Amino acid sequence: MLTAEALDIIFREARSYNGWLDKDVSEDQIHAIYELLKMAPTSANMQPARIVWAKSSDAKEKLAALAMDGNKEKITSAPVVAIIGYDIDFHEELPWLFPHTDAKSWFEGDEEGRKEGAFRNSSLQGAYLMIAARALGLDCGPMSGFDNDKVDAEFFGDNPRHRSNFICAIGYGDRTSIFERSPRPEFDKFNRIA
């Protein structure tokens, strides 16, 4: 079991950052995030997430140009922004990712089912990305508020079967950029045990 301190780092003290300290996130750190997130479970180990790590100023400027005004500076000031996308044809990789059975056949001929599964499980992998980043001492600022079609053309244009889901700025958060902690609902508000 994780310590209370570790749970604080990953969950209880986690915040959505809007500003960043001028401190780099290295390629080694990016690889370390991926090495953790890839190990977390997805349905049939489908691993549909396709991530573009916008680290260069040029890439972040291009991404910011496709985002709503309120997100532009959050993107350009972050050391790196992960564009979490998904591969509609993830099932082509299942023979080696899930070799226990012919899982590829479950998805052949069902593009709508693949889109749904890819979106759901890439969302899950994006959440794992944030947990991994937090566990490695980094802060996150997840965002929607961008033109998905234009981001797809700019960053996934070499493969039209890849689509963007959401983006997440990653770095060392500037604590002056966060809002006061908003309330969280008690268990009984949105949950029930059946």
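**Loops and strands**

L21 touches Y172, G173 and D174, where residues up to four places away in sequence are not counted and contact means heavy atoms within 4.5 Å. The model is a predicted one, in which local features need pLDDT of at least 70, side-chain atom pairs count only at pLDDT 80 or more, and totals for chains, interfaces and linings use all residues. Residues are numbered from 1 along each chain as its sequence is written, and side-chain values use heavy atoms, with hydrogens and water left out.

L21 belongs to the loop between helix 1 (4-12) and helix 2 (27-37); helices (H or I, at least four residues) and strands (E, at least two) are DSSP runs, numbered from the N terminus. Its relative accessibility is 42%, so L21 counts as partly exposed, a class between buried (under 20% relative accessible area) and exposed (over 50%), with a 1.4 Å probe and protein chains only.

S177 lies in the loop between strand 4 (162-171) and helix 9 (187-190). This residue counts as buried because its relative accessibility is 16%. Beyond its neighbours within four places in sequence, S177 is in contact with Y17, N18 and G19.

Strand 2 (residues 80-87) is largely enclosed by the rest of the structure, because eight of its eight residues are buried. V80, A82, I84 and Y86 cover one side, and V81, I83, G85 and D87 the other. Strand 2 runs antiparallel to strand 1 (residues 49-54), joined by six bridges; pairing requires at least two bridges found by DSSP. I84 is the bridge partner of I51. Strand 2 also pairs with strand 4 in the antiparallel sense, over eight bridges, and there V80 has I170 as its partner.
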